[in-house]
Amino acid sequence: MFCVFVAVAAISVSAQARGVSGLSTEYPTALSVQIDPATISNEDLNEIRAAGFEFVRFGVRPPLKSVNPALIDYPNLIRRVKNARLEAIVTLFGGREIWGHDPSDLGAGGQREKLFANFALDFMNAHAADVAVWELWNEPDHKTFLNPALFSDFQTATAEFCRSIAQMKTPPNVVMGFGFAKLPFSQGQVPLQLENAFVSAAKANCLTDISIHPYRSVPETAVADYGKLRGKLDELQLGKVGIVASEWGYASYLPVRDRNTQASLIFREYLTNVAAGIKLLNLYAWQDRGTSAISREDNFGLKSKGGEKKEAFSSLSEFLKIARNSRKVSYESGSGLNKLVLSRGNSLLHVVWTQSSEQNVVVPAAKGKKCTRVDFFPQVRHGTCGNPVDGGFAAKATAYPFLLSISD
């Protein structure tokens, strides 16, 4: 199964410092948000940057009407992203097939695997200076994006892609794959052919990072799953491969989840990625797709379809103002109680929350330390931590995270 990639390994680019670990960010975890390339406005892009996001993610499809009917002006979009002082995460994929849907897309004697590789290489060469992160494919383990009958073709297409990358004079710094919908290398959740395609491409120094979509009902459980994935990568001698959460969000839709609960989960999702040491997280999505209150797919946005900021936007953007230029110190989790500590200058930022019911907690602080409390729900409020107790400051933790800033 790996023989098709032997030639790729032989001609791969020389080992160098590449991958998501080299990205520059002002935050403990860099934050991106999914945008719709057909509708995103310059005002939206500026607002995204002002809120603390450093990246935006969007997909690029081949210039064929069967997979890209709108024929979006991607070069113009990439320029607009740069003008807003944002970095682009560009996902290269072609829909249910490797290349197009119609037989006419192939042309006379064409091979879809080679055509897809040519498309990807041409696009990467054209925008190498303006795209920070490249991602190959999106959820190939989900039949919406790749017909399971084409898994072997996907392996071939990946090999062709890697051969193309090896021919570039300056290979891109970050190329991740494949935006797995399920956790790879875990209990057979992802088809073996797709896992093998990733391993071969990573060992050939073609893919620098693995990208996953860790959707789940309890965000904090991702910490253990990240650890399992890290262990599997290390076993496969892929210790330099980084992990990126390239898509993860929560929808506010009735009767399952109101907007306050959405805000809590998205906030906890970000904190979970900081706790796990994940360098880059992409939220799904910037704006609601539709207006149906009972539709899950219509309501993933940080903003409504009409442009109203949801509670998730307000709480997260306010936290990012505080967390800027901070770094993770420690993370503790037990009995449903979570405590994340960040350092920023001379202050320690203690973020505390639970996964369900209320719990009493004491945040440690030496005698004489100053303490400011920041609540993010139902609106942002800066206030007192109350009187100190033996060993620190007492508080009641809930599923809505709060922060105690402790300094001299």
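## Aromatic contacts and disulfides in a predicted model

Tyr-74, Phe-93, Phe-116, Phe-119, Phe-123, Trp-134, Trp-137, Phe-145, Phe-154, Phe-178, Phe-180 and Phe-198 form one aromatic cluster, as computed from a predicted model.

Me: How many aromatic pairs does a search of the whole structure find?

Reply: The search of the whole structure gives 23 aromatic pairs. One of them joins Tyr-215 and Phe-300, whose ring centres are 6.3 Å apart and whose planes stand at 75°, an edge-to-face arrangement. This pair links distant parts of the chain, 85 residues apart, with Tyr-215 in the loop between strand S6 (209–212) and helix H7 (222–235), and Phe-300 in the loop between strand S8 (280–283) and helix H9 (311–323).

Me: Is Phe-300 buried or exposed, and what does Tyr-215 count as?

Reply: Phe-300 has 5% relative accessibility and therefore counts as buried, while Tyr-215, at 27%, counts as partly exposed. Phe-300 also forms an edge-to-face pair with Tyr-284, at 5.3 Å centre to centre and 70° between the planes. Here both residues lie in the loop between S8 and H9, 16 residues apart, and Tyr-284 is buried, as is Phe-300.

Me: Which residue lies over the face of Phe-402?

Reply: That residue is Arg-373, placed at 4.0 Å from the ring centre of Phe-402.

Me: How should I read the disulfides, and how many are there?

Reply: In general, a disulfide is a covalent bond between the sulfur atoms of two cysteines. In this structure the count comes to 2 disulfides, and, with bonded cysteines counted along the chain, they follow the pattern 1-2, 3-4.

Me: Which parts does the disulfide of Cys-162 and Cys-206 tie together, and why is this disulfide called left-handed?

Reply: The sulfur atoms of Cys-162 and Cys-206 are 2.3 Å apart, and the torsion about their S-S bond is about -85°, so this disulfide is left-handed. Because Cys-162 lies in helix H5 (residues 151–166) and Cys-206 in the loop between helix H6 (192–203) and S6, the pair ties together parts that are 44 residues apart in sequence. Cys-162 is buried, with a relative accessible area of 2%, and Cys-206 is buried too, with 3%.

Me: What is the S to S distance for Cys-371 and Cys-385, and where do these cysteines lie?

Reply: Cys-371 and Cys-385 form a disulfide with their sulfur atoms 2.0 Å apart, and with -80° about the S-S bond this link is left-handed. Cys-371 lies in strand S13 (residues 370–375) and Cys-385 in the loop between strand S14 (381–384) and strand S15 (392–397), so the pair ties together parts that are 14 residues apart in sequence. Both Cys-371 and Cys-385 are buried.

Note on methods
Residues numbered from 1 in each chain as written. Predicted model: local features only at pLDDT ≥ 70, side-chain atom pairs only at ≥ 80, totals over all residues. Heavy atoms only, no water. Phe/Tyr/Trp six-rings, centres within 6.5 Å; stacked < 30°, edge-to-face > 60°. Helix = DSSP H or I, 4+ residues; strand = E, 2+ residues; numbered from the N terminus. Buried < 20%, exposed > 50% of the residue type's maximum accessible area, 1.4 Å probe, protein only. Lys NZ or Arg CZ within 6 Å of the ring centre and 35° of its normal. Disulfide = S-S within 2.5 Å.
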